[in-house]
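The questions below go through one structure step by step. Each answer ends on the value or name that was asked for.

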Amino acid sequence: MIANRVILVVLFDKKTSLGLVRLKAKRASDDLQVVLDKVFNKLQYKNEDIAATLGADFAAEAESEIDSLFKD
């Protein structure tokens, strides 16, 4: 989850290590967080506490589900 509003999905092949994917996804997530914050602020978007609406564990559950999709 990025900025409690966007889910980042990363596709990769079997040649790429999961550690490298996580590292690159973390860096991309941090960069996207800055950009999305600027966009939402410019649009005067107010986060209505989407995390509370979806449930406190939504991000962890979504990450776990995505990880399980790509297990061998």
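A salt bridge here is a side-chain nitrogen of Lys or Arg within 4 Å of a carboxyl oxygen of Asp or Glu. This is a predicted model, in which local features need pLDDT of at least 70 and side-chain atom pairs count only at pLDDT 80 or more, while totals for chains, interfaces and linings use all residues. Residues are numbered from 1 along each chain as its sequence is written, and side-chain values use heavy atoms, with hydrogens and water left out.

Q: What is the mean pLDDT of the protein chain?
A: pLDDT is the predictor's confidence in each residue, from 0 to 100. In the protein chain, 81% of the residues reach 70 or more. The mean over the chain is 79.

Q: In which helix is confidence lowest?
A: Where pLDDT is low, the predicted coordinates should not be read in detail. Confidence in the protein chain is highest in H1, at a mean of 88. With a mean of 61, it is lowest in residues 50–54, which form helix H2.

Q: In what order do the elements of the protein chain run?
A: Helices (H or I, at least four residues) and strands (E, at least two) are DSSP runs, numbered from the N terminus. The protein chain has three helices and zero strands. From the N terminus on, the order is α-α-α.

Q: How many salt bridges does the count come to?
A: Side chains of opposite charge can pair when their charged atoms come close. Arg22 takes part in a salt bridge with Asp67, and Glu63 meets Arg22 in another. By the 4 Å rule, the count comes to three.

Q: What is the N to O distance between Glu63 and Arg22?
A: The side chains of these two residues meet in a salt bridge at 3.3 Å. The pair links distant parts of the chain, with Glu63 in helix H3 and Arg22 in helix H1, 41 residues apart. The N to O distance is 3.3 Å.

Q: Which residues are linked in a network of salt bridges?
A: The side chains of Arg22 and Asp67 meet at 3.2 Å, N to O. This pair also links distant parts of the chain, 45 residues apart, from Arg22 in helix H1 to Asp67 in helix H3. The network is made of Arg22, Glu63 and Asp67.

Q: Is Arg22 buried, partly exposed or exposed?
A: Buried means under 20% relative accessible area, exposed over 50%, and partly exposed in between (1.4 Å probe, protein chains only). The relative accessibility of Arg22 is 40%, so Arg22 counts as partly exposed.  Glu63, at 43%, also has this class. The class of Arg22 is partly exposed.

Q: How far apart along helix H1 are Lys26 and Asp30?
A: Lys26 has a relative accessible area of 48% and is therefore partly exposed. Asp30, at 37% relative accessibility, counts as partly exposed. Both lie in helix H1, about one turn of the helix apart, which is four residues.

Q: Is Ile2 buried or exposed?
A: Ile2 is found in the segment before H1. Its C-alpha atom is separated by 9.4 Å from that of Ala59, 57 residues apart along the chain. Because its relative accessibility is 1%, Ile2 counts as buried.

Q: Is Leu11 buried or exposed?
A: The place of Leu11 is in the segment before helix H1 (18–42). At 68% relative accessibility, Leu11 is exposed.

Q: Which element gives the largest share of the lining of the largest pocket?
A: On a 1 Å grid over the protein atoms alone, a pocket is an open set of points where a 1.4 Å probe fits, with protein on both sides within 12 Å along at least five of seven lines; lining residues have an atom within 4 Å of a point. The largest pocket is lined by 26 residues, and Leu18, Val21, Arg22, Ile66 and Asp67 lie nearest its centre. H1 and helix H3 (58–69) are the elements that give two or more residues to this lining. The largest share, seven residues, comes from H1.
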